[in-house]
Amino acid sequence: MVSERWEPTAFKARVDEVLQRFVARETDQLSAVDPALNPVAGQVEAAVADGKRLRAAFCYWGWRAVGQPDSDALVRAAASMELVHAAAVVHDDLIDDSPLRHGRPTAHVALRDAVEHHPRAAAAARSLAMLVGDLLMSLAGQLFVTSGLPAAYLGRARPLWAALARELIAGECLEILHTGAAPDTAASLKVIRYKTAKYTVEQPLLIGGALAGAGERMREGYSTYGLPLGEAFQLRDDLLGVFGDPELTGKAGADDVRGHRPTALLAETWRLAGDDERERLRALLGQRDPDGDGLEAVREVMRRLKAPDRIEGLITARVEEALRALDELTLPAPAAAALTALAHSAAVRRS
């Protein structure tokens, strides 16, 4: 059991153990169907091998903040949030055609060897990756309902799963629909809210709270805290995607620029740019391989216009908004301390 003091490393170890055991059991059954499925099973396992386990932590503290005690069954239910994330990551990498995640080839790249005989090997590997993501989302629901929590508790939270899936897919769709379009900060922030903020912080908190029987005021407080913090988390990702160290982020540094994605960083750069700078950006964005000089040219425009500073300001404002909302809730001291620490760790990081 964890102590009353928030110990992120110990909590992560508990979640990791739950995920590894559960996924290993499921992938063993998948491989038992046919040995040809071993590479697919391997990618399911790889998808859950890494992670900060923030989503599980928010679910856990959504439960604890209501006054419920630590519980292994609750940790299993919270771990299901990480399977949702793993599914979203596999699908997101596929949509964005990203080559790296955590410093390793993404699923649709890694699976090419398994279909090298296929007449359309790259397309076949992408299809397999799509199915890996689908299976991970299915496993998330399975882990949740078999967590060991009472059926009445699970029933209180079950409607939130529909909202989680709908909003996550809405955000992914909005990102696709806005990719390559004229950058717009409001549109980018809406993508962030639905694609990341809700399923990273707000929905895990609400699910944990629903499991615990949280009242309306607590649920409202969770949303008031969770939404701005989730947005700050993704805004930090936007900055790290362009200015972060790939050795630390584990991702290809040019992905957002190459994909001409509707990030708030790009939207703010565009808003601040003059005609000459916009013309320069048009020539650089969406290039197939903007590494090296092309990527640095985009960075230089962003720095000159102080767009990264603007995003830092948005992050700071959102973290402060989240912490104000937290102060207005009457929470047990361990929960208040943990949610404060999580707010800082989600928004102030290098990977």
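## Close-up views of a predicted model

View 1. The model is predicted: local features need pLDDT of at least 70 and side-chain atom pairs pLDDT 80 or more, whereas totals for chains, interfaces and linings use all residues. Residues are numbered from 1 along each chain as its sequence is written, and side-chain values use heavy atoms, with hydrogens and water left out. Helices are DSSP runs of H or I with at least four residues, and strands are runs of E with at least two, numbered from the N terminus. Axes are lines fitted to C-alpha atoms, for helices over the stretch in contact, and angles between N-to-C directions run from 0 to 180 degrees. Angles under 35 degrees count as roughly parallel, over 145 as roughly antiparallel, 65 to 115 as roughly perpendicular, and the rest as oblique. On the helix 9 side the meeting residues are Y225, L229, A232, F233 and R236, and on the helix 16 side L339, L342, A343, A346 and A347. Contact means heavy atoms within 4.5 Å. The residues of this contact divide into nine nonpolar, no polar and one charged. Here Ala, Val, Leu, Ile, Met, Phe, Trp, Tyr, Cys and Pro count as nonpolar, Asp, Glu, Lys and Arg as charged, and the others, Gly among them, as polar.

**View 2. Helix 1 crossing helix 6.** Helix 1 (residues 8–33) and helix 6 (residues 121–145) cross at roughly 120°, and their axes come within 12 Å. The two helices, helix 1 and helix 6, are therefore oblique to each other. Helix 1 contributes V18, L19, F22, E26 and L30 to the contact, and helix 6 contributes L135, L139, Q142 and L143. Seven residues of the contact of helix 1 with helix 6 are nonpolar, one is polar and one is charged.

**View 3. The salt bridge of K12 and D16 in helix 1.** The side chains of K12 and D16 form a salt bridge with an N to O distance of 2.8 Å. A salt bridge is a side-chain nitrogen of Lys or Arg within 4 Å of a carboxyl oxygen of Asp or Glu. Both K12 and D16 belong to helix 1 and are four residues apart, about one turn of the helix. K12 counts as partly exposed because its relative accessibility is 28%, and D16 is buried at 13% relative accessible area. Buried means under 20% relative accessible area, exposed over 50%, and partly exposed in between (1.4 Å probe, protein chains only). A network of salt bridges links K12, D16, R53 and E82. The structure holds 24 salt bridges.

View 4. E296 forms a salt bridge with R299, with the closest N and O atoms 3.4 Å apart. R299 and E296 are three residues apart in helix 14 (residues 293–304), so about one helical turn separates them. The side chain of E296 also meets that of R303 in a salt bridge, at 2.8 Å from N to O. R299 counts as buried at 17% relative accessibility. E296, at 33% relative accessibility, counts as partly exposed, and R303 is partly exposed with a relative accessible area of 42%.

View 5. E175 lies in helix 7 (residues 151–178) and counts as buried at 9% relative accessibility. Not counting residues up to four places away in sequence, E175 touches D92, D96, V191, K195 and P262. L154 is also found in helix 7 and counts as buried, with 4% relative accessibility. With residues up to four places away in sequence not counted, the contacts of L154 are F144, V145, S147, L149 and L211. From C-alpha to C-alpha, L154 and V15 are 19 Å apart in space, and 139 residues apart in sequence.

**View 6. D256 in helix 11.** D256 is placed in helix 11 (residues 255–258). D256 is buried, its relative accessible area being 15%. Its contacts, leaving aside neighbours within four places in sequence, are D238, G241, R261 and T263. D256 and V242 are 14 residues apart along the chain, and their C-alpha atoms are separated by 7.1 Å.
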